Amino acid sequence: MKHLLILVVSLSVLPLVQGGPSTVLGDYKGTPFQDFVYKAGAQSIPGILQCALYDLGGEGVAYHDTDAINHGSGELNVQPNHQRPHAGPYIWGFRKDEGMDLSYVKDFADLNHPNAVNPPVNLFYIGWTADGEWCSYTVDVKAAGTYKIRALYSNQANTITFDINRKPAATCKLPVATESFHTWDYAEIGTITFPQAGRQLLTFHYNTGNNFAFFEFEKVEPKGM
Ligand SMILES: [Ca+2]
Ligand SMILES: [Ca+2]
């Protein structure tokens, strides 16, 4: 009887751990971003983590932003000349009702001058960054270990940090200041170690002075392998 009870309790907990082994904190109310375009759910590590695909859950849960306006999708991109023909309404207004500030790579702003690395047109990014802001991503970590992080970013040579399951896990330095918020660089910024595989909560903390499009996580294989 005791075993049956344990089984029933275990089954009742299962819906909270969709997608396999979970180490996302039990009290976390956010969920992986998903819509009619991005259907895959949690982003995977190794791989590319798109910054604009932070979790659903809102202010104080999945992100913290200094104000409730989305200054890109809900403000700048409402202006007709910022509704670039190469994008479209879905991209112009991506997550426009959330306080995070998002925009996308535009022909006349990001691709009309030399970049260290050209970002793909229409790529989303987090902009209007401010001190103390953060956002969280439920990620599926395929293998425990250390990963090299590369960032597609612009502007200041700031320091950013990541937490894993709310514990400080990495301090990363953007290596060079680019000439502006619309001059992009793609560079290695540091490493992060995931002690275990499975579903985790990755929180990205940033300050004033950058745009961030994505982070790429590449496994560092131990020497001799
Ligand atoms: Ca905002
Ligand atoms: Ca902001």
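User: Where do I start? What does the secondary structure of the chain come to?

Analyst: Start with the element count. This is a predicted model. The chain has 3 helices and 12 strands. Then look at burial: 34% of the 225 residues are buried.

User: How do I read the contacts in the chain? What share of those between residues at least 6 apart in sequence join residues at least 24 apart?

Analyst: The share is 74%.

User: Next, the core. How many residues has the largest nonpolar core, and which have the most contacts inside it?

Analyst: The general idea comes first. In soluble globular proteins, nonpolar side chains tend to be buried together. Here, the largest nonpolar core has 45 residues. Ala52, Tyr54, Tyr125 and Phe212 have the most contacts inside it. Several strands each supply at least two residues of this core, including S4 (102-104), S5 (124-126), S10 (184-194) and S12 (210-219).

User: Take Ala52. Which residues is Ala52 in contact with, leaving aside its neighbours within four places in sequence?

Analyst: Its partners are Phe94, Leu102, Phe124, Tyr125 and Ile126.

User: Now strand pairing. How many bridges join S8 to S9, and how many join S8 to S11?

Analyst: Look at bridges and direction together. S8 and S9 (residues 167-173) run antiparallel and are joined by 6 bridges. One bridge in that pair links Ile160 with Cys172. S8 and S11 also run antiparallel, with 4 bridges. There, Phe162 has Phe204 as its bridge partner.

User: What sits between S8 and S9 in the hairpin?

Analyst: Check phi in the turn. Most residues other than glycine have a negative phi, and most peptide bonds are trans. The hairpin of S8 and S9 has 2 residues between the strands. Asn165 has a positive phi near 50°. Arg166, also in the loop between S8 and S9, has a positive phi of about 70° although it is not a glycine.

User: Where is the cis peptide bond, and in which loop does Pro46 lie?

Analyst: Read omega for this. The bond from Ile45 to Pro46 is cis, with omega near 10°. Pro46 lies in the loop between S1 (43-45) and S2 (47-50).

User: Now a strand residue. Why is Ile189 partly exposed?

Analyst: Ile189 belongs to strand S10. Ile189 has 19 other C-beta atoms within 10 Å, so it is partly exposed; buried would need 20 or more. Beyond its neighbours within four places in sequence, Ile189 is in contact with Ile149, Arg150, Ala151, Cys172, Lys173, Leu174 and Pro175. The C-alpha atoms of Ile189 and Val176 are separated by 10.0 Å, and these residues are 13 apart along the chain.

User: And a loop residue? Where is Ala177 found?

Analyst: Ala177 is in the loop between S9 and S10. With 15 C-beta neighbours inside 10 Å, Ala177 counts as partly exposed. Leaving aside neighbours within four places in sequence, Ala177 contacts Asn155, Gln156 and Ala157. Ala177 and Tyr153 are 24 residues apart in sequence and 9.6 Å apart, C-alpha to C-alpha.

Note on methods:
Residues numbered from 1 in each chain as written. Chains lettered and ligands numbered in written order. Predicted model: local features only at pLDDT ≥ 70, side-chain atom pairs only at ≥ 80, totals over all residues. Buried ≥ 20, exposed ≤ 12 C-beta atoms within 10 Å, placed from the backbone. Contact = placed C-beta atoms within 7 Å. Core = buried A, V, L, I, M, F, W, Y, C linked by C-beta atoms within 7 Å. Pairing = 2+ DSSP bridges.
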